[in-house]
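Keep the viewer open and follow each element as it comes up.

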Amino acid sequence: MTLLINGIKKKFDNHLAVDGVTLKVEKGEMFGMLGANGAGKTTSFRMILGLLDPTEGQVTWNGERITYKRTHLVGYLPEERGLFPKLTVKEQLIYLMRLKGMKKPEIIKEMRHWLERFQVPEYENKKLEELSKGNQQKIQFLAAVLHKPELLILDEPFSGLDPVNSDMLKKAVLDLQKTGTTIVFSSHQMRNVEELCEDLIMLKRGKPVLQGNLRDIKRSYGMKSISIRADYELDFIHSISGVIEIEKHRDGATVKVENERVAEDIFQKITEKGFVRKFEIEEPSLHDIFIDKVGGDADE
Ligand SMILES: Nc1ncnc2c1ncn2[C@@H]1O[C@H](COP(=O)(O)OP(=O)(O)OP(=O)(O)O)[C@@H](O)[C@H]1O
């Protein structure tokens, strides 16, 4: 079972919201879709789900398009959320999961299992509007996974969750992956992406600017971060060519540089000045790569 996206583009009037996305996600993979606001992530998800027709290109799941008849194979947590405020948790999950072809006793069994897991069994008969935003989101997640979809699309699943709930959701997502669910998700929280996904695509104004295995991307990325501890003034590093940024600490600095050669240059210059307690070249964080590639803010 493979999700294949082949050169999809989406034009709204004259605006190309998605401009040539090609990717392959195999069964049981966790795939991250990143990009600044308006980069085209949600539009791509809608095309994957068959809710929006691509202007160009195709999407297939297991060799076929995802049409209305195959929606039971897919789970979707939309960014704009979409539950019924006046219905109880039980009422709406029964309604939504019957649309996915589940029978009522099975829905109730699965719902209780998940409510227990999320430590909110008492919510079964509460109206959605009575729940906090974060707890409503847990119910929205249940609406995406109760029918055990093969492909799960999560648009900003962690936004608005406190650290405890965010961790709980992360564990749930990882467990679903272990059972073979294919997961594609978007997030502005780079730490969550680093913790969860092996492969990713980064979009900028609809175009892919980076794509591949996260570890390979970090290893081969030119930009490096250097951690330095020394007993003397490090301000002079500013003037070395290829230095992107220097952040000073009490007894040293963290320096972002364009490539390893710049790091060697800095090493030589600081050892000429005096004793160096620490000099460590580190791979850039995904946050740094995001800022470098996409610009703007990542929510961290
Ligand atoms: N139905 C639509 N009609 C016209 N323009 C649209 C429509 N849907 C999206 N767009 C535009 O397409 C671009 C991509 O939007 P999209 O919602 O896919 O971005 P995103 O990456 O999900 O952003 P965010 O992180 O803010 O959710 C934006 O410029 C948006 O204004």
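Two strands pair if DSSP finds at least two bridges between them. Helices (H or I, at least four residues) and strands (E, at least two) are DSSP runs, numbered from the N terminus. This is a predicted model: local features need pLDDT of at least 70, side-chain atom pairs count only at pLDDT 80 or more, and totals for chains, interfaces and linings use all residues. Residue numbers start from 1 along each chain as its sequence is written.

Angles here run from 0 to 180 degrees between N-to-C directions, with axes fitted as lines to C-alpha atoms, for helices over the stretch in contact.

Six bridges pair strand 8 (residues 199–204) with strand 9 in the antiparallel sense. Within this pairing, Leu 200 stands opposite Gly 212 of strand 9. The two strands form a hairpin with two residues between them. There, Arg 205 takes a positive phi near 45 degrees.

Contact between two residues requires C-beta atoms, placed from the backbone, within 7 Å.

Three strands form an open, antiparallel sheet in the order 2-1-4. Its edge strands are strand 2 (15–26) and strand 4 (56–61), and each pairs on one side only. Neighbouring strands of this sheet are turned by 15 degrees against each other on average, direction ignored.

Strand 1 (residues 2–12) pairs with strand 2 over nine bridges, in the antiparallel sense. Thr 2 stands opposite Glu 26 in strand 2. Lys 11 has Leu 16 of strand 2 as its bridge partner. This pair of strands makes a hairpin with two residues between them. Asp 13 in the turn has a positive phi of about 50 degrees. Strand 1 is also joined to strand 4, by five antiparallel bridges. Here Leu 3 stands opposite Trp 61 of strand 4. Helix 1 lies across strand 1, strand 2 and strand 4, at about 120 degrees to strand 1.

Which element gives the most to the shell around the ligand? Helix 1 (residues 41–48) does, with three residues. Among the residues around the ligand are Phe 12, Ala 17, Asn 37, Lys 41, Thr 42 and Glu 79. By class, the shell has three nonpolar, six polar and two charged residues. Ala, Val, Leu, Ile, Met, Phe, Trp, Tyr, Cys and Pro count as nonpolar, Asp, Glu, Lys and Arg as charged, and the others, Gly among them, as polar.

Finally, zoom out to the chain. The domain assignment, automatic or from a database, gives domain 1 (3–218) and domain 2 (222–282). Their C-alpha centres lie 41 Å apart.

Methods: Near = placed C-beta within 6 Å.
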